[in-house]
Amino acid sequence: VASAILAIGLVDLVAGGQQRLDILGEMTSGERRFAPALYEPGRRYMLAPELRAAASGAGYRLSGAKTLVVGGAGADGMLASARLDDGAVGLFLVPMDNAGVFVTPYALIDDGGAIDARFDQADLGPDALLGIVSVDAIDDVLDEARLAQCADALGRLGLPLEQDEA
């Protein structure tokens, strides 16, 4: 759900033009997988990021941390929300092999996995910024993912569907 619903929904919402088509094509074909990095340590489920994305040369430099990045251990990259110099929230595509990104993987109670990520002045190019996004828009995409998670959980229970008797 994190990769198939949430990550694709965020890219679809924020990215534009050929970049959007390329990333969505890679994701839907299974060629690449990205994990949403929206939550931060000590902030519970607040979506307004404290992760900083400072302009640096021709690109950006990320400093801060993300937590509970579901599916991050096997992902090619993260879709990280970060606060820009002007206060806007940007969504960044961050490769997992970036020299300034340090991850700690761990298991979740459902046998899935997640990571915590620390960004220690992680340098990114200008194309890493997929676009500007509002926290409310991120929450709307999260709502879609929550519904998908509930449907998945109900499907795993194997409950029979109720049928109208006519």
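Which residues of α3 are buried? In this predicted model, in which residues are numbered from 1 along each chain as its sequence is written, local features require pLDDT of at least 70, side-chain atom pairs count only at pLDDT 80 or more, and totals for chains, interfaces and linings use all residues. Side-chain values rest on heavy atoms, with hydrogens and water left out. The buried residues of α3 are Ala 137, Ile 138, Val 141, Leu 142 and Ala 145, where buried denotes under 20% relative accessible area, exposed over 50%, and partly exposed in between (1.4 Å probe, protein chains only). Helices (H or I, at least four residues) and strands (E, at least two) are DSSP runs numbered from the N terminus. The cover over the buried residues of α3 includes α1 and β4 (77-84), contact being defined as heavy atoms within 4.5 Å. The 23 residues of α3 should span 33 Å at 1.5 Å a residue, and the end C-alpha atoms are 33 Å apart, which agrees; the expected span is 1.5 Å times one less than the number of residues.

Helix α2 (residues 17-29) was examined in the same terms. Its 13 residues should span 18 Å at 1.5 Å a residue, and its end C-alpha atoms are 19 Å apart, in agreement. Within α2, Ile 23, Leu 24, Glu 26 and Met 27 are buried. Viewed down the axis of α2, these buried residues fall within an arc of 160°, so they line one face of the helix; the arc is that of the directions from the helix axis to the C-beta atoms. An α-helix has 3.6 residues a turn, so residues three or four places apart point the same way. Gly 17, Gln 18, Leu 21, Thr 28 and Ser 29 are exposed on the other side of α2. Among the elements covering the buried residues of α2 are α1, β1, β5 (89-95) and β8 (129-132). Glu 26 counts as buried at 19% relative accessibility; leaving aside neighbours within four places in sequence, Glu 26 contacts Glu 31 and Arg 32. After α2 comes Gly 30, with a positive phi near 85°.

Two residues other than glycine also have positive phi. Arg 44, with phi of about 50°, is placed in the loop between β1 and β2 (52-56) and is exposed, with a relative accessible area of 72%. Asp 111, with phi of about 75°, lies in the loop between β6 (101-107) and β7 (113-124) and is exposed at 74% relative accessibility.

Lys 66, in strand β3, is buried at 1% relative accessibility. Apart from neighbours within four places in sequence, the contacts of Lys 66 include Glu 40, Asp 116 and Phe 119.

The largest pocket holds about 660 Å³ of space. On a 1 Å grid over the protein atoms alone, a pocket is an open set of points where a 1.4 Å probe fits, with protein on both sides within 12 Å along at least five of seven lines, and lining residues have an atom within 4 Å of a point. Grid points are joined across faces, edges and corners, and the volume is the space filled by probe spheres set on the points. Of the 22 lining residues, Val 1, Ala 2, Val 70, Leu 108 and Gln 149 lie nearest the centre of the pocket. At least two lining residues come from each of α1 (2-14), β1 (34-37), β3 (59-70) and α3 (135-157), and α3 gives the most, with seven. The lining comprises 14 nonpolar, three polar and five charged residues, with Ala, Val, Leu, Ile, Met, Phe, Trp, Tyr, Cys and Pro counted as nonpolar, Asp, Glu, Lys and Arg as charged, and the others, Gly among them, as polar.
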